Amino acid sequence: MSIAPTVGVFALQGDVREHARALEEAGARAVAVRRPGELEKVDGLVIPGGESTTMWKLAEIFELLEPLRQRIKGGMPAYGSCAGMIMLADRIEGGIEGQQTVGGIDMVVRRNAFGRQVDSFEADLDFAGRGEIRAVFIRAPWVESVGSDVEVLARAEAGDRIVAVRQGPLLATSFHPELTGDVGVHSYFVDMVREL
């Protein structure tokens, strides 16, 4: 795909503008996705940070949850940051009763694992394939465990915590690369979209 791929940003909640700006800088055409018809027209999708329980409930209200699951099962590339990572997890720890995800990545993610808002922090991480990147963690999850088909791309806290993973066309990070001005992670994802 030599022309700029069209990448949607799940726009019902979260830091939509920042992701759209980073995607544009990384060579994609970014569009907001709020309805199933808009989802059908994109080559890939970013699920931003925000609040995972609110995202799940809004996705149900706007009749996006099942279409999201079907597009992801069908191989659409998707990238989830922070709450978006939780949305792409097959299993979650620390969720509210009945909380659902879109799923797709064979991993267990713990909500708010790094602590509350006051525990937010920044760190430099070695991101596989991209070198060192700056990462912003805000009420961030971490990955408790991954299946055999999941590639670990980055770790934090002296390598103890998995904070970035990839499984096929799906990418997820605990952190918010859209807040740093470094579009390395978004470029990695746009390249994934172009490959498929």
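This is a predicted model: local features need pLDDT of at least 70, side-chain atom pairs count only at pLDDT 80 or more; totals for chains, interfaces and linings use all residues.
Start with the inside. The largest nonpolar core holds 34 residues, and the ones touching the most other members are L23, L125, F127, F137, L171, F175 and F189. Helix α6 supplies the largest share, with six residues. L23 makes a handy example of the packing. Setting aside neighbours within four places in sequence, L23 is in contact with V7, V9, A28, A30, V46, H186, F189 and V190. Another core, of 32 residues, lies apart from this one, and its members include V33, L64, A89 and V150.

Since α6 keeps turning up, the helix itself is worth a look. It runs for twelve residues and spans 17 Å from its first C-alpha to its last, close to the 16 Å expected at 1.5 Å a residue. Is α6 mostly covered or mostly open? It is mostly covered, with nine of the twelve residues buried. Those nine are G184, V185, H186, S187, Y188, F189, V190, M192 and V193.

Next come the rings. The count of aromatic pairs comes to four. One of them, between Y79 and F189, is tilted, with 5.9 Å from centre to centre and 45° between the planes. This pair ties together distant parts of the chain, as Y79 sits in strand β4 (residues 78-81) and F189 in helix α6, 110 residues apart. Y79 and F189 are both buried. A further pair, F127 with Y188, is edge-to-face: the centres are 5.5 Å apart and the planes stand at 90°. Here too the partners come from distant parts of the chain, with F127 in strand β7 and Y188 in helix α6, 61 residues apart. F127 counts as buried because its relative accessibility is 0%. Y188 has a relative accessible area of 12%, so it is buried as well. Elsewhere, F121, F137 and F175 are linked into a cluster by ring pairs. Aromatic faces also meet charge: R161 lies over the face of W142, at 3.7 Å from the ring centre.

F127 leads on to the strands. β7 and β8 pair in the antiparallel sense, over seven bridges. Within that pairing, F127 has G131 of β8 as its bridge partner. The β7-β8 hairpin has three residues between the strands, and G129 takes a positive phi there, near 85°.

C82 sits in the loop between β4 and α5 (83-88). Its relative accessible area is 4%, so C82 is buried.

R69 lies in helix α4 (residues 65-73). Is R69 buried or exposed? At 17% relative accessibility, R69 counts as buried, because the cut-off for that label is under 20%. Beyond residues up to four places away in sequence, R69 touches Q100, T101 and V102. S52 belongs to helix α3 and is buried, with a relative accessible area of 2%. Not counting residues up to four places away in sequence, S52 touches A83, I86, M87, Q99 and R111.

Key. Residues are numbered from 1 along each chain as its sequence is written. Side-chain values use heavy atoms; hydrogens and water are left out. A nonpolar core is a set of buried Ala, Val, Leu, Ile, Met, Phe, Trp, Tyr and Cys residues joined through side-chain atoms within 4.5 Å. Buried means under 20% relative accessible area, exposed over 50%, partly exposed in between (1.4 Å probe, protein chains only). Helices (H or I, at least four residues) and strands (E, at least two) are DSSP runs, numbered from the N terminus. Contact means heavy atoms within 4.5 Å. Rings of Phe, Tyr and Trp (its six-membered ring) pair if their centres lie within 6.5 Å; planes under 30 degrees apart count as stacked, over 60 as edge-to-face and the rest as tilted. A charge sits over a ring if NZ of Lys or CZ of Arg is within 6 Å of the ring centre and within 35 degrees of the ring normal. The expected span of a helix is 1.5 Å times one less than its number of residues. Two strands pair if DSSP finds at least two bridges between them.
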